[in-house]
Every structure is written in C-alpha cells, then in structure tokens.
Amino acid sequence: MNNAVTVTTRPQGRPRGNPPTRESIVSAARSLFLERGYRRTTVRAVAGAAGVDPALIAYHFGSKKGLFADVMQFQCAHVLTVDEVLRGEPATLPDRLIDAVTDLWEDADFRQLTTQGAEAAEVIREYLEHELLARLVEFLGGPDATARATAVVTILGGLIYTRYLNPLPSPANLTPAEARRILTPALRTALAPRPRHAAWKRPPSPTASPTRVSR
C-alpha cells in the first residue's frame with residue numbers, strides 16, 4: 001500500500017506556514033532518507049517523526065518527491081552558498097567555485113543522498129541549472145554571460161561526474177587541492193569575457209570549385 005500523500009497542484013507563492021514547522025519536516029525527512037533511503041521512506045513516517053499531520057507535507061512540499069528535493073536543496077545551500085561563492089575578489093572566483101563543489105561532494109551525508117536514484121539526479125540537474133548557472137549569468141552580465149556561465153557549469157559538472165557520480169581513477173584520486181590546481185586555469189578561461197568584435201569567417205564550402213588563376 002502506498003502511503004505517499006500527493007496533490008495535483010501546489011499552492012501559489014511561498015506557503016504562509018510556520019517556518020519552524022517546515023524546518024522540522026525537512027530535518028526529519030533528511031534523517032529518514034539517510035537511514036532508509038528514498039523508496040522506503042513514507043510521507044506518514046516523516047510526518048510522525050516531525051510530529052505533524054501528513055497533510056502539512058502535502059501543503060508545503062506537494063509530494064514526497066517535492067520533500068526530497070527540498071532536503072537536497074537544503075543540503076546544497078548549507079554547503080554551496082552561491083552568494084558567498086560569488087562574493088570576494090574576482091581573481092579568486094575559480095578557486096572558490098572548485099572549493100564549494102568539492103566541499104559539498106566530500107560531505108558524506110550529501111554523497112549518500114545523491115545515490116538515491118533518479119530523484120537525486122533530477123535535483124542535482126535543477127540545482128546546477130536554476131541556481132548555479134542562472135546566478136552566474138546574472139553575476140557576470142553582458143551579452144556573453146550565458147556562454148561563459150555555461151562553460152563554467154560544464155567544467156564543474158564534469159568534475160562532479162568523473163570524480164563522484166561515475167568516478168574515473170585519475171579524477172577520483174585527486175585531493176580537493178589538486179583538483180583546484182588542475183581546473184582553476186580552465187575556469188579562469190571560461191569566466192573571461194569574450195572579445196566583443198571577434199571576426200568570424202565562414203569556412204569555404206567543400207564543394208566550391210577552386211578559383212582559376214589567370215596567366
């Protein structure tokens with residue numbers, strides 16, 4: 001029997017519920033997701049652990065999937081605070097980005113949460129796209145901000161994939177300091193503004209006939 005409580009729509013805007021109640025639900029859910037995993041954790045179990053009515057979980061989070069997303073987002077925000085990463089000297093931004101990612105993924109609890117199936121993968125994708133990428137675009141500004149931010153997130157995503165999600169021996173064996181030293185130059189290049197008037201020439205068509213030279 002499925003104990004999950006679902007609703008077809010979520011309330012518009014931020015719920016007006018008591019913030020401590022919401023926080024207690026997230027805290028209880030985090031503990032249960034770590035202990036039992038996503039599949040074996042029910043909404044009723046979370047409600048019981050938090051001491052609330054299960055309907056409150058549906059109201060605040062929409063479903064168990066929405067609750068899990070909030071738990072993951074909370075864990076991300078707790079370690080990888082984008083505002084703090086972007087604050088500081090621009091010259092050391094690449095170092096701060098690498099440190100934030102490795103600090104987050106070296107956290108044992110977060111690593112355990114990321115192994116919990118498609119739900120975790122979806123949250124990670126949404127966080128990288130809507131939090132980190134979008135904030136970088138806003139921070140960088142200018143006509144090439146999206147291209148620069150995309151390059152940065154691609155590099156960081158490659159680090160996450162090859163070091164943590166599907167580890168390759170070389171990246172996995174790096175210390176965080178070594179990862180920073182190796183990837184900082186690439187991030188610095190990705191963050192650099194593109195030339196405004198870079199000329200782009202169309203390559204010659206492979207079917208074009210060669211120009212005849214008059215003699």
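**Contacts, salt bridges and a helix pair**

Let's start with the overall picture. Take the contacts in the protein with a separation of 6 or more: 69% of them join residues 24 or more positions apart. Keep in mind that this is a predicted model.

What is the chain built from? There are 11 helices and 0 strands. Read along the sequence, the pattern is α-α-α-α-α-α-α-α-α-α-α. The protein has 215 residues, and buried residues make up 36% of them.

Now the charged pairs. Side chains of opposite charge can pair when their charged atoms come close. How many salt bridges does the model hold? The count comes to 9.

Pair one is Arg-22 with Asp-70. Their side chains meet in a salt bridge, at 2.8 Å from N to O. Where do the partners sit? Arg-22 is in helix α1, residues 19-36, and Asp-70 is in helix α4, residues 64-79. The pair therefore ties together parts that are 48 residues apart in sequence. Are these two residues buried or partly exposed? Arg-22 has a relative accessible area of 23%, so it counts as partly exposed. Asp-70 is partly exposed too, at 22%.

Pair two is Arg-135 with Glu-131. Here the closest N and O atoms are 3.5 Å apart. Arg-135 is partly exposed, at 24% relative accessibility. Glu-131 is partly exposed as well, at 25%. Asp-83 is linked with Glu-131 and Arg-135 in a network of salt bridges.

Pair three is Arg-148 with Asp-144. The N to O distance in this salt bridge is 3.3 Å. Arg-148 lies in helix α9, residues 145-165. Is Arg-148 buried or exposed? Its relative accessible area is 7%, and the cut-off for buried is under 20%, so Arg-148 counts as buried. Asp-144 comes in at 15%, so Asp-144 is buried by that cut-off too.

Two packed helices are described by the angle between their axes and the distance between the axes. For α6, residues 93-106, and α9, the axes come within 11 Å and cross at roughly 30°. Angles under 35 degrees count as roughly parallel, so α6 and α9 are roughly parallel to each other. Their crossing is right-handed.

Which residues make the contact? From α6, they are Leu-97, Ile-98, Val-101, Thr-102, Trp-105 and Glu-106. From α9, they are Val-152, Leu-156, Leu-159, Ile-160, Arg-163, Tyr-164 and Leu-165. By type, that contact divides into 10 nonpolar, 1 polar and 2 charged residues.

Arg-22 and Asp-70 join α1 to α4. Arg-148 pairs with Asp-144, and Arg-148 is buried. Over to you for discussion.

Terms used
Residues are numbered from 1 along each chain as its sequence is written. This is a predicted model: local features need pLDDT of at least 70, side-chain atom pairs count only at pLDDT 80 or more; totals for chains, interfaces and linings use all residues. Side-chain values use heavy atoms; hydrogens and water are left out. A salt bridge is a side-chain nitrogen of Lys or Arg within 4 Å of a carboxyl oxygen of Asp or Glu. Helices (H or I, at least four residues) and strands (E, at least two) are DSSP runs, numbered from the N terminus. Buried means under 20% relative accessible area, exposed over 50%, partly exposed in between (1.4 Å probe, protein chains only). Axes are lines fitted to C-alpha atoms, for helices over the stretch in contact, and angles run from 0 to 180 degrees between N-to-C directions. Angles under 35 degrees count as roughly parallel, over 145 as roughly antiparallel, 65 to 115 as roughly perpendicular and the rest as oblique. A crossing is left-handed if the near helix is turned anticlockwise from the far one by less than a right angle, and right-handed if clockwise. Contact means heavy atoms within 4.5 Å. Ala, Val, Leu, Ile, Met, Phe, Trp, Tyr, Cys and Pro count as nonpolar, Asp, Glu, Lys and Arg as charged, and the others, Gly among them, as polar.
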